[in-house]
Each structure stands twice: as C-alpha cells, then as structure tokens.
Amino acid sequence: YSWTSIGNFLKYLTNNTSKPAVVYSKGLRIGLAQPGDLLMVSNKSGAYGHIVVISDIVRDSDGNIIDFLYCGNTNDQMNYPLSATGYTNYCLIKIIGYDD
C-alpha cells in the first residue's frame, strides 16, 4: 500500500527503521535538497497531492538555489522546472544513509 497514496507512503518512510534511513523533513529546507530527494507538492496549504523526484538543481551565478528540475509521473515529466508548475506548497523528503 505504500505507493497507493501519499499518506501511506509517508507512513512507510517515517516508520522504516532499516538502512538506508529515511527522514521526513517538515518544511522545505532548500539548502539540504539534492538530486534523488523527493518533494511533496501541492497548490494549497496542508493538502499534498503529489510526490516528485528532484533530478537536478538550478543555481544562480552565486551558487544559490533558484529552481529544481524534477521527474514525475503526471504527464511523464522529465527534468521539468518546478517553477513552471502551479505548485505553491512544498515539503522535502530527504533520504539519508544510501551513499554513506
């Protein structure tokens, strides 16, 4: 059931105690995001409707993050800019322990 809804998926991630450890971070902490991390996205507060995978990070000339490219199964999006969507609410799901 972990892939049938966001609620089930989050329950699986937050209760998973095997390696790699998974951390669900409430509130987007942009500086921690890396390709391979997940973003819960929504166009309204508190009701996340989709999860996408960060495929790349777009930075300005000073190295600041200005956008994310993501892959998602809605409309077969691949390396799609997050800024081009209607999503206004984000939450980072950071997976740790994979490459330790």
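Let me begin with a definition: a residue is buried when its relative accessible area is under 20%, exposed when that area is over 50%, and partly exposed in between, using a 1.4 Å probe and protein chains only. Tyrosine Y80, for example, has 33% relative accessibility, so Y80 counts as partly exposed.

Now the ground rules. This is a predicted model, in which local features need pLDDT of at least 70 and side-chain atom pairs count only at pLDDT 80 or more, while totals for chains, interfaces and linings use all residues. Residues are numbered from 1 along each chain as its sequence is written, and side-chain values use heavy atoms, with hydrogens and water left out.

The overall layout comes next. The chain contains one helix and six strands, in the order α-β-β-β-β-β-β from the N terminus. Helices (H or I, at least four residues) and strands (E, at least two) are DSSP runs, numbered from the N terminus. Of the 100 residues in the chain, 32% are buried. For contacts, the rule is heavy atoms within 4.5 Å. Among the contacts in the chain with a separation of 6 or more, 49% come from residues 24 or more positions apart.

Let me move to the strands. Two strands pair if DSSP finds at least two bridges between them. Strand β2, residues 38-42, pairs with β3 in the antiparallel sense over four bridges. Strand β3 is also antiparallel to β4, residues 65-72, and six bridges join them. One of the partner pairs here is V58 with D67 in β4. The hairpin of β3 and β4 has five residues between the strands, and G63 there takes a positive phi near 90°. Then β4 pairs with β5, again in the antiparallel sense, over three bridges. That hairpin has four residues between its strands, and N75 in the turn has a positive phi of about 60°.

Is I51 buried, exposed or partly exposed? Its relative accessibility is 22%, so I51 counts as partly exposed. Leaving out neighbours within four places in sequence, I51 is in contact with I6, F9, L38, L39, M40 and I93.

On to the aromatic rings. A pair of rings is described by the distance of the centres and the angle of the planes. Rings of Phe, Tyr and Trp (its six-membered ring) pair if their centres lie within 6.5 Å; planes under 30 degrees apart count as stacked, over 60 as edge-to-face and the rest as tilted. How many aromatic pairs does this rule give? The count is one. Y70 and Y80 make an edge-to-face pair, at 5.9 Å centre to centre and with 75° between the planes. Y70 is in β4 and Y80 in β5 (residues 77-81), so the pair ties together parts that are ten residues apart in sequence. These two tyrosines also stand opposite each other in the strands. Y70 has 1% relative accessibility, so Y70 counts as buried.

Next, the cores. A nonpolar core is a set of buried Ala, Val, Leu, Ile, Met, Phe, Trp, Tyr and Cys residues joined through side-chain atoms within 4.5 Å. The largest one has ten residues: A33, L39, V41, V52, I54, I57, F68, Y70, L82 and L92. Two or more of its residues come from each of β2, β3 and β4, and β3 gives the most, with three. There is a second, separate core of eight residues, which includes I6, L38, M40 and C91. Back in the largest core, L82 touches L39, V41, D67, F68, Y70, Y87 and Y90, not counting residues up to four places away in sequence.

Charged side chains are quick to cover. A salt bridge is a side-chain nitrogen of Lys or Arg within 4 Å of a carboxyl oxygen of Asp or Glu, and the structure holds one. K94 forms it with D37, and their closest N and O atoms are 3.0 Å apart. The pair links distant parts of the chain, 57 residues apart: K94 is in β6 (residues 89-95), and D37 is in the loop between β1 (22-24) and β2. Both K94 and D37 are buried.

Last, the cysteines. A disulfide requires two cysteine sulfur atoms within 2.5 Å, and the count here is zero. C71 is partly exposed at 27%, whereas C91 is buried at 2%.
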